Amino acid sequence: MPRAKRSMPEKVSVQCRVNGHDATLLDFPMARLLDALREQLSLTGIKEGCGEGECGACSIEMDGRLVNSCLVPVAQAEGATIRTIEGVADGEQLHEVQQAIITHGGAQCGICTPGMILAAVNLLEHNGRPTEAEVRVALAGNLCRCTGYTKIFESVLAAVTVAEARD
Amino acid sequence: MTNPSIGRSIPRKEGREKVTGRARYVDDMTLPGMLFGATVRSPIARGRLRGIRFGEGLPWNELTTVTAKDIPGKNSIVLLEDDQPCLAAELVNHAEEAVVLLAHRDKYLIEEARRAVQLEIERLPAIFSIDDSLACKEIIWRADNVFKSLRVDKGDVDAALAEAEFVVEGEYETGAQEQLYIEPQGMIAEANGRDGVTVWGSLQCPYYVHKALAALFALPAEKIRVVQMETGGGFGGKEEYPSMIAAHAALLAWKSGRPVKMIYDRAEDMAATTKRHPSRTRHRTGVTRDGKIVAMDIDFTLDGGAYMTLSPVVLSRGTIHAAGPYDCANVRIRSRAVATNFPPHGAFRGFGAPQSVFALERHLDQVAKVVGLAPDELRRRNFVREGQTLAVGQVVHEKIDMNELMERAFELSGYRAKRERLARENPGSTIKRGIGFASFLHGAGFTGSGEDYLASVAEVEATSEGKIRVCAASTEMGQGTNTIFSQIAADALGLECSSVEVVQPDTAHVPNSGPTVASRTCMIVGKLVESAALGVKQSLLQNGFLREEDGHDAFAGACRLYIEKFGPLRASSRYSPSPEIHWDDAHYRGDAYGAYGWGVYVAEVSVDTLTGETRVEDFVAAQEVGRVINPVLAAGQIEGGVAQGVGFALYENVVWRDGRMINNQMTNYIMPTSMDVPPIRVYFEELPYARGPAGAKGIGELPLDGTAPAIINAVENATGIVVRRVPLTPEILLDALDAAREKVHA
């Protein structure tokens, strides 16, 4: 549960760009970006697993960096470019990582999946040919209780192969 | 005929929704006018409730408050028994027990209000250990603190122990473990006198929740509706507890007249909901000079926490699995589940078996040392074979050859060569490496006559377009129910898997196919889906709309003609007791399970003797599970289970203070990350099981049984330290290493 106090300051208006669209968030400055995106923009693909930056289920990209949106105050999103799971596919065309997760069994219950996909996509944008060890490090902030990670590693590495074949 | 889908890795049916973020979990749902609910819980473990004070400065008139006296029906979460209240009324029996419920439209305010409620509780002495409970230091549950006790007797254990050349004793313990599904528990409820009660939630067993709500509200069954939303992991943790949170949300909705959403945050979820039962097992084993086990005397105790919940059933599975896949003429198992003032322990994948299997597989490595045999040689001389009997007297009819399975696991892991090489390389290094294994079995489905009593039903419906709808209360929570049910139904009808839809579990629309637990969904309910699908086909054949020789392209037309003439085309199938399965509940003897999964797991570890840190470097999981319906999903079950087993063995330590979990955060309750899991190689042996769909058996719980003992056996191989308790955290191992060094110096 959010722990904000009742005697809160006024809400502020925050302008940012989310999944390629301009967006305005109206919230208390220290409200969690996680809640603002879920509640005001209905981006419910962002999940809350722990609320303290441990599990990574709420991972989003902010100005190209992977962040836990449960730890980001709304005020900090002013002027930011944000990508959530809803902005990863190109319309109905899935990203290679999304497709590979389906094909290789990288998702089970699915609750860590959006954050996991953003972490993997973020990795591939910085490092197009990661080793398995690099994949492990990049995903270390995203907890999964179902898969034992094995099929997630396979998925990410398979996505690299697909992307290379395409390019 | 289309290409059969069973045996192929059909992609997860709901995969696209999950990778795009469109899958709808309970917290993603909003209803107009919805309030947020919160729970005021006891901070102390045992006491008498004297009063409730609502602190200053909050608009209490705007808040909905519920206490025990607002419950329309019975103040109890009905499951096996009715001892657990929905809200504590006079006595509090564990910390985090719910006393007051609050709801308001502002979720910030509700959190402030929760903190402003003061419970006046007169403290009573509490019980926090198995020994204190057994000694009846305080009587906290009925006459003697015992929820259930069981005994298994085979042969004459005392005589066999008296004659055995070796008698080896040992005591082993396992700690509580949190299921730690990444989606916390949650529920949304609507409730009023006119329409009854509807809940939408994250849950495994819709009809458990249904039964509990009917009793709580004293409403007829048709006035209760339970809908499962996409569920972000369960592992047993969403087997019984969702009834509690559904009850709480529904009471608030009933009183406020508004929909109420209740979502636990991680801290509340970890502190208040169930965990794996802590256990203590004592073994006394008689062995002949040539390594034949002639007597197993086993004493097994579970800490059940404050209320019964599912403890008797967990005890049952743990007891039956305590003697493992071995042939022994004389077995005595005494077991009991006892009450303590911890929050009730409950279902967690494996359900008692990981506890008793850990003890047995650690103990057999000790037995091997005493007898002077290699651990594998001891197992080889004692594995049960077809035609021999398990501890409960069940004759093994499966064609399993555990020696062969063990050899396969050894081949894949390079066990023998590594064991030699590591022993050679370890001296002189501060990093010690070791390799160990465990062999085990896991029964699929409810124990004994349990499936007869459940009498589960599944239904299959065909539409006039020739699409198939599978209706069952068995839930998808990541393990692949949607996909394997589709594969089973598709193959029964000779259709493509894409023609099958598995209907969202909703008690208003699906029959009761029983709880989604006990590795029963594929084997038991899958078989019902197969039979129901064949029933649909039979209707078409009998009425001449379809001929056996027709291809799948004729199916849709046949369905259309049938429906035009007769109306809905449906068939259901109910579980019927097997004439070959006999179980005597009074003597705990007979066919405990219709079929078993069989496993041999091999772990290689490295132990840093300076830091006490253990890493699992390599892992081989070999098992026989009947026909594999979907190889990728099945391997995913094993890999995920092994990772949870790594946590159970090495990391996941629940820290209690005065009956409260004090490390109820992901920051300090440590589960394996991507950096902690070893490469896991999964091998399936497939011996088709006649009563399973297309020959499949159960699979889900199996990997939790063998992982922890394989790892700890490897730690002993690496260090020589005899570890008898999990989790083996670095602190504990360092102490043991220090003690061993001092012993050498002395």
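## Inside and between the chains

Reader: How much area is buried between domain 1 of chain B and domain 3 of chain B?
Author: Domain bounds here come from an automatic or database domain assignment, and buried area is the accessible area (1.4 Å probe) that two parts lose on being put together, summed over both. Carbon and sulfur atoms give 65% of the area buried between these two domains. The total is about 1500 Å².

Reader: What pLDDT do local features need in this predicted model?
Author: Quick housekeeping: residues count from 1 along each chain as its sequence is written, chains are lettered from A and ligands numbered from 1 in the order written, and side-chain values use heavy atoms, leaving out hydrogens and water. The model is predicted, with side-chain atom pairs counted only at pLDDT 80 or more, totals for chains, interfaces and linings using all residues, and local features needing pLDDT of at least 70.

Reader: Which helix gives the most to the side of domain 1 of chain B that touches domain 3 of chain B?
Author: Helices H13 (450-454), H14 (481-493) and H15 (521-542) of chain B each supply at least two residues of that side; helices are DSSP runs (H or I, at least four residues), strands are runs of E (at least two), and both are numbered from the N terminus. With 6 residues, the top contributor is H15(B).

Reader: How many salt bridges are there between domain 1 of chain B and domain 3 of chain B?
Author: A salt bridge needs a side-chain nitrogen of Lys or Arg within 4 Å of a carboxyl oxygen of Asp or Glu. Over all chains, the search turns up 81 of them. Between these two domains, the count is 0.

Reader: Which residue of chain A forms a salt bridge with B:Glu652?
Author: The closest N and O atoms of this pair are 2.7 Å apart. B:Glu652 lies in the loop between helix H17 (631-651) and strand E25 (656-657) of chain B, and its partner in the loop between helix H4 (132-138) and helix H5 (150-166) of chain A, so the pair joins two chains. The partner is A:Arg145.

Reader: How far from A:Cys146 is the nearest cysteine sulfur?
Author: A disulfide is a pair of cysteine sulfur atoms within 2.5 Å, and the structure holds 0 of them over all chains. A:Cys146 is in none. This cysteine is buried, at 5% relative accessible area. The nearest sulfur belongs to A:Cys109, at 3.8 Å.

How values were computed:
Buried means under 20% relative accessible area, exposed over 50%, partly exposed in between (1.4 Å probe, protein chains only).
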